[in-house]
Amino acid sequence: FYVRGRRQNPLWTAPDWEYIESGEPMPRNYEDRVQSGMLGEYALDLGGGPPGYMIHGTIYTRLLGRNVSHGCIRVGKEDLRVLWKKMPTGSTVFMY
């Protein structure tokens, strides 16, 4: 993968699986799916979509390192800040 884009204060658009897993009804309006703050301060878009993968933060830091993601790479706040500074668009990303 490589960094295709970088976003500050990214918005998360909750996909259908979010509502299915939580047992909540699907919103009728797209705007009701958009949530701020869920992905931390920054997001590095890696492509691979749709919907694609990102390296981003999380408000659920107690769950870092656990198998709770649907594919994205979630990192802590300080690690995310380091990655943001050191990974410009076009940077290569290897996942093992």
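Glu78 and Arg81 form a salt bridge, with 3.1 Å between their closest N and O atoms; the term stands for a side-chain nitrogen of Lys or Arg within 4 Å of a carboxyl oxygen of Asp or Glu. Because the two residues are three apart in helix H2, about one helical turn separates them. Helices (H or I, at least four residues) and strands (E, at least two) are DSSP runs, numbered from the N terminus.

Before we go on, a word on the model: it is predicted, so local features need pLDDT of at least 70 and side-chain atom pairs count only at pLDDT 80 or more, while totals for chains, interfaces and linings use all residues. Residues are numbered from 1 along each chain as its sequence is written, and side-chain values use heavy atoms, with hydrogens and water left out.

Arg81 also meets Glu41 in a salt bridge of 2.8 Å, N to O. This pair links distant parts of the chain, as Glu41 sits in the loop between E3 and strand E4 (42-47) and Arg81 in helix H2, 40 residues apart. Through shared partners, salt bridges join Glu41, Glu78 and Arg81 into one network.

How many salt bridges does the structure hold? There are four, and one of them pairs Arg33 with Asp16, whose closest N and O atoms are 2.8 Å apart. Arg33 lies in the loop between helix H1 (16-22) and strand E3 (34-36) and Asp16 in helix H1, so this bridge ties together parts that are 17 residues apart in sequence. Side chains of opposite charge can pair when their charged atoms come close.

Here is how accessible some of these residues are. Buried means under 20% relative accessible area, exposed over 50%, and partly exposed in between (1.4 Å probe, protein chains only).

| Residue | Relative accessible area | Class |
|---|---|---|
| Arg33 | 14% | buried |
| Asp16 | 39% | partly exposed |
| Glu41 | 26% | partly exposed |
| Arg81 | 27% | partly exposed |

Phe1, Tyr53 and Met95 make a nonpolar patch of about 270 Å². Patches are made of residues with over 30% relative accessible area and no salt bridge, with like charges joined within 9 Å and nonpolar side chains (Val, Leu, Ile, Met, Phe, Trp, Tyr) within 5 Å. Areas come from the Shrake-Rupley method with a 1.4 Å probe, and for residues only the protein chains shown count as cover. Met95 is found in the segment after helix H2 (77-86). With a relative accessible area of 37%, Met95 is partly exposed.
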